[in-house]
Amino acid sequence: MSEFLGLMAAPFCACLVLVGIHTYLGLHVLEREVIFVDLALAQVAALGAVIGTLFGLEMRGGGAYVFSLIATLMGAVLFTLTRPRGGPAKSRVPHEAVIGIVYAVTASGVILVLARAPRGAEHVQELLVGSILWVTWSEVGKIALLYALIGAFHWIFRRKFLLVSRDPGSAHREGISVAWWDFLFYASFGFVVTSSVGLAGVLLVFSILIIPAVAAALVAVSVTCRVLLGWGFGAAGSIVGIVISYGLDLPVGAAVVCTLGLVLAIWGVALKVGANKAGW
């Protein structure tokens, strides 16, 4: 037990920190119906990092982080400018199409840049599954502080963020600058994604963003209930995934992703069976 705690305590706490901020942001992503925006921004951040390596910077170093952040903020501007203002029914090009194009192009850019780089295959694997097993307590503390500040920012302006996500038309009629608050959402989201991808990889970040939020949305209506339920779901899935990873000597990130997906499937089936028995 002492060996398990010594090795897995920091990764588990890192997962909890990720669940804390990503579950809330995931609720916004569901409301906006831009499910793959996290993957797209994560790939934009990854492209920024690998471009930094062309200048001799370490993938997880401070210089590469700056490249990632600049690239992500550029992505935030693009998603702000391309979000339909009249609702999906009035848009010729769905926002999800733009997001998919950005994801495909930046993912291909990462592959092209790393094709000629030393240890390119290793870098691709690290970007996908991360290296959360080797996270230090110092790194956990830094991202916890950053995410706490971003969380406080969203809490203070929660009404505007939620209204712009749920009903941009009503927000515009109230005199709220939808484009400005869109940018603030995507920019703060970009800060989170840039930090998270370097720590946990693209796949784990996306899964922690979406899966707990979906699990909560299946049974809860209010934002508070969804956030609390999502936190519980994400924390439980992380615990089980980390235990499985340790017991079977598997990569931590991939184990947590698969565990969250499996638990969501079981959760969905259980709710469906319960609804059928109740005659809903």
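This is a predicted model: local features need pLDDT of at least 70, side-chain atom pairs count only at pLDDT 80 or more; totals for chains, interfaces and linings use all residues.
Over the chain, pLDDT averages 84, and 87% of the residues score at least 70.

The packing of helix H3 against helix H9 was examined next. Two packed helices are described by the angle between their axes and by the distance between those axes. The axes of H3 and helix H9 (residues 178-200) come within 8 Å and cross at roughly 150 degrees. Because angles over 145 degrees count as roughly antiparallel, H3 is roughly antiparallel to H9. The crossing of the two helices, H3 and H9, is right-handed. On the H3 side, the contact is made by Tyr65, Ser68, Leu69, Thr72, Leu73, Ala76, Val77, Phe79 and Thr80. H9 contributes Ala179, Asp182, Phe183, Tyr186, Ala187, Gly190, Phe191, Thr194 and Ser195. Sorted by class, the contact of H3 with H9 has 11 nonpolar, 6 polar and 1 charged residues.

One of the H3 residues in this contact is threonine 72. Helix H3 spans residues 62-82, and threonine 72 is found in it. The relative accessible area of threonine 72 is 1%; because buried means under 20%, this residue counts as buried. Apart from neighbours within four places in sequence, threonine 72 is in contact with Leu41, Val44, Ala45, Gly190 and Thr194. Among these partners, Gly190 and Thr194 are also listed for H9 in its contact with H3.

Positive phi values were examined in two loop residues. Glutamate 33, a residue other than glycine, has a positive phi, near 60 degrees. Glutamate 33 is placed in the loop between helix H1 (2-32) and helix H2 (37-53). With a relative accessible area of 53%, glutamate 33 is exposed, because the cut-off for exposed is over 50%.

Aspartate 249 also has a positive phi in a residue other than glycine, with a value near 55 degrees. The loop that holds aspartate 249 runs between helix H11 (223-248) and helix H12 (252-278). Aspartate 249 has a relative accessibility of 69% and counts as exposed. Thus glutamate 33 is exposed and aspartate 249 is exposed, whereas threonine 72 is buried.

Note on methods. Residues are numbered from 1 along each chain as its sequence is written. Side-chain values use heavy atoms; hydrogens and water are left out. Helices (H or I, at least four residues) and strands (E, at least two) are DSSP runs, numbered from the N terminus. Buried means under 20% relative accessible area, exposed over 50%, partly exposed in between (1.4 Å probe, protein chains only). Contact means heavy atoms within 4.5 Å. pLDDT is the predictor's confidence in each residue, from 0 to 100. Axes are lines fitted to C-alpha atoms, for helices over the stretch in contact, and angles run from 0 to 180 degrees between N-to-C directions. Angles under 35 degrees count as roughly parallel, over 145 as roughly antiparallel, 65 to 115 as roughly perpendicular and the rest as oblique. A crossing is left-handed if the near helix is turned anticlockwise from the far one by less than a right angle, and right-handed if clockwise. Ala, Val, Leu, Ile, Met, Phe, Trp, Tyr, Cys and Pro count as nonpolar, Asp, Glu, Lys and Arg as charged, and the others, Gly among them, as polar.
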